[in-house]
Structures are given as structure tokens and as C-alpha cells.
Amino acid sequence: MDALSLPFSSWLNAPAHQAWLAAEGLRLLDFAKASRLPAGFGNLDEQGRLPSGAQAETMNTARMTHSFAMAHIQGLPGYAALVDHGIAALGGPLRDAEHGGWFAVAGQADGNSTKAAYLHAFVALAASSAVVAQRPGAERLLEEAIAIIDRHFWSEEEGALRESFNCDWSQPEAYRGANSNMHATEAFLALADVTQDSRWLTRALRIVERVIHTQAAANDFMVIEHFDLAWQPLRDYNRAFPADGFRPFGTTPGHGFEWARLLLHLEASRVKAGMLTPGWLVQDAQKLFESNCRHGWSVDGAPGMVYTLDWDHQPVVRERLHWTHAEASAAASALLKRTGQAQYEAWYRCFWEFCEAHFIDRRHGSWHHELGPDNQPSARIWGGKPDLYHAWQAVLIPRLPLAPSMASALAQVSVPGLV
């Protein structure tokens, strides 16, 4: 069901809401410009300043390049140079010129020479968006990112990504992760549109079949994050470090929402490509959304979505992270477009009301990235405001079709409310 067939009373069709999303997007973009460093993009503090000693990171550089590319595609002046800066950084100081691939920090200043699938998925996404934005050097960056994924990360036998390698690719990590494969799914959807190669949609479906339709489905549609090499769940993984920012113990409701949305994008992309598309994609998306709302929202006596839960669905890390709520809102909008069901309208409004009341920082700009269990700003897991990607996508997704992927949609589709 397309959003245009929803009642006019839906926020997705309301001109004032469209204008509000557009204005919030401009505010987020303007704040993020200050993250530029000579070697890429770095982490901003709470006031939007680069701290002393700030380092360029591949994750933020790729995410910023992707985000600024989507701004440029819309016709917003001032972002082309930032996209070009990101392309240059990913092709230069963040890249391993000897062995290929990308380090986490320019010059390995953090002492880490690992090549992580998570980061390479974002490099591929950034490159694909820069290609859509028609920026110089983007095609070359995309070709290299695809070659690295094909050569090292994609496992045809497993139908998923290998997790990470050492610097020269000789030692793989004895671990498989849902998070890296989730962002690979996102990147593969974009690669399918940019390259017109359906193998990326085939790969995305294989990932989803394993991580969601098999593993999460057997766990009440709460996503299992950590696995051994045989894809057996590691239920005690990081029990001693439950608040890890990338590999926390237990289940992570925010990822359940992100997966739900990606399943709908995959369904729409495969239908658009004329490919055989299983009916369980939308069903699993609905089950993911329902289960993560039920177990994660307002479960500790205060509104908001907790960061993590244990295997009995009890809160472990009760902090509320901005990206979790951005993804919850985006998933609600996608399900509303796909099904037209009123429950998703209600959740969509609920999540935006919460973000407006607690996350959006009208004083210093951008969003608070973390709230404590009392819904006051905190910094236990994420300090400062380094992330444009999640909030920016949250204000774009409600205004875009489920397919093609975001950058391609911005370039191809006339969307009301975009500026």
C-alpha cells in the first residue's frame, strides 16, 4: 500500500508534518558540517564542536559522506564539497594502501589495524550514494569497495558476511555478527540500484533468511546478535560488558526496528526488479516491530525504548539511545506505508512525540545521543553528538517510497515536502 493512498489525516500525508521533517533535516545537516577534519570527519561534542585531538574515523566519514550526498542530490547548496572531501578521505588517509580495505581511524591512530565488515558496508553505502550524486572519484571508490566485499567478506557458503580480518587479511575473526550483516543488507540494497546487478538483492535475501527468518524467528523475533562460526548463538557474549556500543550483551530493540524496515525495503526492491519475493518478508517485519515494541518500550516505568534486554526480555542497559528511536520511527512509517494499519500511525506519532520532547536539542543543535533511565541527557555509552546518519534518515524515510534505496529515490522520485 502506497503512502499516497493513506487518509489525508495521516502524518505521512500532512503538509505541515512534511515541512517539519524538512526543517528538522536542514537543522541536522547544518550542525554536522563542523565535523570536517583534514583526514575525514570526526566526532562532535554536545555543543557541536570538534574536541581537541579529534580523529577522523571511517565510520563517521562514510556515514557523513552518504548523508551529505543525499543532501546534495536534493539540490541543497554547500554539500558537494563535503561529499568530495569524504570521497578523498576514504580513498586516501583512511584506506590501507598496502593491503586494501579501510582502517577504523586514519593512520591507525587508535592502534587498531582490523578490517571490519561493519565499516566496509558503510564505505560501500557512501560510495553508492556519491555515485548517485555524480561526484568525481565516486565510481572508483565504489569499484574498490565492491571488490573488497567480494574478495574477503562475502561468504557464498554461509549466505552472509564474515566479520573481520587482520591487516593483511590472513587471519579471520572467529565470530559472526548480526549488526554487520544488517548494515550489509542496507548497503546491498543501494548497490543493487546503483549497479543494476540483482545479485545484491539475492545476497540480501540470504542474509535476512539466516539472521531473521531462522534465528530471530526462533527467539520471539528478538534479534540474536552474536554467533560462532557455525552460526550458533553466543548468548553469553559480552555479558561482562553489557553496554558495549557495537556488540552489547543480549538483544537490542533498536536493531529489531532497523531490520523490520530493511525487510520491507528488500521486499519492495525485489518486487520492483521482478524477482520472486517471499510473503514472509512483510510478516516477519510486522512480528519484529510488535515484539520489540512489546519488550522494549516503557518497560522500566518510564517512557522510551531501552538499549538492551536479557534473554528473558528484562532490561539490562536502560539508557535510551537516539538511534533506537530514529529507527523505531522509520520502521513505523515503513509499515504504515506497506500495510495502512492504524497501529503504525499511532506508533509513528508516539515515537516522534518522544523524540521532540526528549532527544531534539533546540538549544545546542542536533539531538542528544543518549538519555539516562530518567530521560535526562547522559553519556554512558555515547558521548557528544557524532551521528548525523540515523536522525537524518529518520526525517527522510517517511517522505520516500520503500524502493528504490534512499539516494536513488531522491534522484528519481518527486517527493512532496523535500526541499
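**Close-up views of a predicted model**

**View 1. Helices that contribute to the lining of the largest pocket.** At least two lining residues of the largest pocket come from each of helix H2 (58–73), helix H4 (117–132), helix H6 (178–195), helix H8 (253–272) and helix H10 (322–339). H6 gives the largest share of this lining, 5 residues. The model shown here and in the other views is predicted.

**View 2. Centre and make-up of the largest pocket.** The volume of the largest pocket is about 820 Å³. Its lining consists of 40 residues, and those nearest the centre of the pocket are Met59, Tyr118, Leu119, Gly245 and Phe246. By residue class, the lining of the largest pocket holds 15 nonpolar, 16 polar and 9 charged residues.

**View 3. Packing of helix H9 against helix H11.** Two packed helices are described by the angle between their axes and the distance between the axes. For helix H9 (residues 280–296) and helix H11 (residues 342–359), the angle is about 50° and the axes are 13 Å apart. The crossing of H9 past H11 is left-handed.

**View 4. Residues in the contact of H9 with H11.** On the H9 side, the contact is made by Gln286, Phe289 and Cys293. H11 contributes Tyr344, Trp347 and Phe351. Of the residues in this contact, 5 are nonpolar and 1 is polar, with no charged residue.

Key
Residues are numbered from 1 along each chain as its sequence is written. This is a predicted model: local features need pLDDT of at least 70, side-chain atom pairs count only at pLDDT 80 or more; totals for chains, interfaces and linings use all residues. Side-chain values use heavy atoms; hydrogens and water are left out. Axes are lines fitted to C-alpha atoms, for helices over the stretch in contact, and angles run from 0 to 180 degrees between N-to-C directions. Helices (H or I, at least four residues) and strands (E, at least two) are DSSP runs, numbered from the N terminus. A crossing is left-handed if the near helix is turned anticlockwise from the far one by less than a right angle, and right-handed if clockwise. Contact means heavy atoms within 4.5 Å. Ala, Val, Leu, Ile, Met, Phe, Trp, Tyr, Cys and Pro count as nonpolar, Asp, Glu, Lys and Arg as charged, and the others, Gly among them, as polar. On a 1 Å grid over the protein atoms alone, a cavity is a set of points where a 1.4 Å probe fits but cannot get out, and a pocket is an open set with protein on both sides within 12 Å along at least five of seven lines; lining residues have an atom within 4 Å of a point. Grid points are joined across faces, edges and corners, and a volume is the space filled by probe spheres set on the points.
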